[in-house]
Amino acid sequence: MSSQLPGVFESLGPTLDKFGYAAVIVLVGLEGVGIPLPGQIILITAGMYAGAGHLHVALVMVAGFLAAVVGDNAGYAIGRFGGRELVLRFGRYVFLTDERLAKTERFFEKRGPIVVPLGRFVDGLRQASGIVAGLARMPWRRYLGYNAIGSAVWVAIWVLAGYLAGNHIAALYEYFQPYEKYLLVAAAVLCIAAVIGWALRRRARAAAEC
């Protein structure tokens with residue numbers, strides 16, 4: 001099917017042809033430990049494959065979600081147990097520079113836990129937010145909850161975008177590119193609403209048990 005894909009998605013077609021769901025797991029998972037891989041593009045491409053009947057859309061979303069959560073938590077563990085020195089020592093090999101790390105840390109200091117789910121939608125934050133959460137020693141269970149919500153929304157949006165758009169994805173992307181920031185803000189608002197709703201329900205249950 002790779003020869004039928006439009007534009008940038010064609011380059012990932014052979015990888016999906018050969019490895020299928022494993023390609024989604026590896027590319028999305030490794031992105032969570034700071035490696036700048038095309039996790040977002042592979043999800044869209046896999047969604048297109050699912051739309052054409054070559055993959056199952058539900059399995060693509062499950063693979064993408066598990067890979068995102070496991071990869072981000074591996075990044076969290078690197079930051080938590082390896083420390084800043086280890087991150088900077090090896091981060092340069094995957095373009096995780098001191099400047100990128102510092103920028104993510106500033107976002108984290110200002111926005112706190114909200115950066116975890118929202119970071120999934122921003123290049124740079126997506127690759128580094130787990131590591132920074134570990135460096136900041138954010139409680140793991142708290143990180144896991146926020147990260148799972150952000151990962152679920154992020155994976156669903158991009159897989160379904162590919163699944164529903166099919167071979168028109170390149171033309172649609174070109175059309176909507178001027179509005180990309182607004183669309184990401186809208187997705188972020190939805191994500192924030194989901195996180196706040198979850199936190200309020202959890203607090204209400206805790207108060208009721210007291």
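Predicted model: local features only at pLDDT ≥ 70, side-chain atom pairs only at ≥ 80, totals over all residues.
I will start with the nonpolar core. The largest one has 24 residues. Leu16, Val24, Val28, Ile42, Leu43, Leu55 and Trp154 are the residues with the most contacts inside this core. Four helices each put in at least two residues: α2 (21–31), α3 (39–51), α4 (57–91) and α8 (140–165). Which of them gives the most? That is α3, with 7 residues.

Leaving out residues up to four places away in sequence, Trp154 touches Val28, Glu31, Gly39, Gln40, Leu43, Ala68, Arg120, Phe121 and Arg126. Another core, of 13 residues, lies apart from the largest one. Leu125, Ile131, Ala133 and Tyr146 are among its members.

The crossing of α2 past α3 is left-handed. On the α2 side, the contact uses Ala23, Val24, Leu27, Val28 and Glu31. On the α3 side, it uses Gly39, Gln40, Ile42, Leu43 and Ala46. By class, the residues of this contact are 7 nonpolar, 2 polar and 1 charged.

The second pair is α3 with α8. Here the axes are 6 Å apart and the angle is about 45 degrees, and the two helices are therefore oblique to each other. This crossing of α3 and α8 is right-handed. From α3, the contact takes Gly39, Gln40, Leu43, Ile44, Gly47, Met48, Ala50 and Gly51. From α8, the partners are Trp154, Val155, Trp158, Val159, Gly162 and Tyr163. The α3 contact with α8 has 9 nonpolar and 5 polar residues, and no charged ones.

Looking at the two contacts together, Gly39, Gln40 and Leu43 of α3 are listed in the contact with α2 and also in the contact with α8.

Last, helix α7, residues 125–135. How many of its 11 residues are buried? The count is 10, so α7 is largely enclosed by the rest of the structure. The buried ones are Leu125, Arg126, Gln127, Ala128, Ser129, Gly130, Ile131, Val132, Ala133 and Gly134. Of these, Leu125, Ile131 and Ala133 also belong to the core of 13 residues. After α7 comes Arg137, which has a positive phi, near 55 degrees.

Conventions: Residues numbered from 1 in each chain as written. Heavy atoms only, no water. Core = buried A, V, L, I, M, F, W, Y, C linked by side-chain atoms within 4.5 Å. Buried < 20%, exposed > 50% of the residue type's maximum accessible area, 1.4 Å probe, protein only. Contact = heavy atoms within 4.5 Å. Left-handed = near helix turned anticlockwise from the far one by under 90°. Nonpolar A, V, L, I, M, F, W, Y, C, P; charged D, E, K, R; others polar. Axes fitted to C-alpha atoms, helices over the stretch in contact; angles between N-to-C directions. Parallel < 35°, antiparallel > 145°, perpendicular 65-115°, else oblique.
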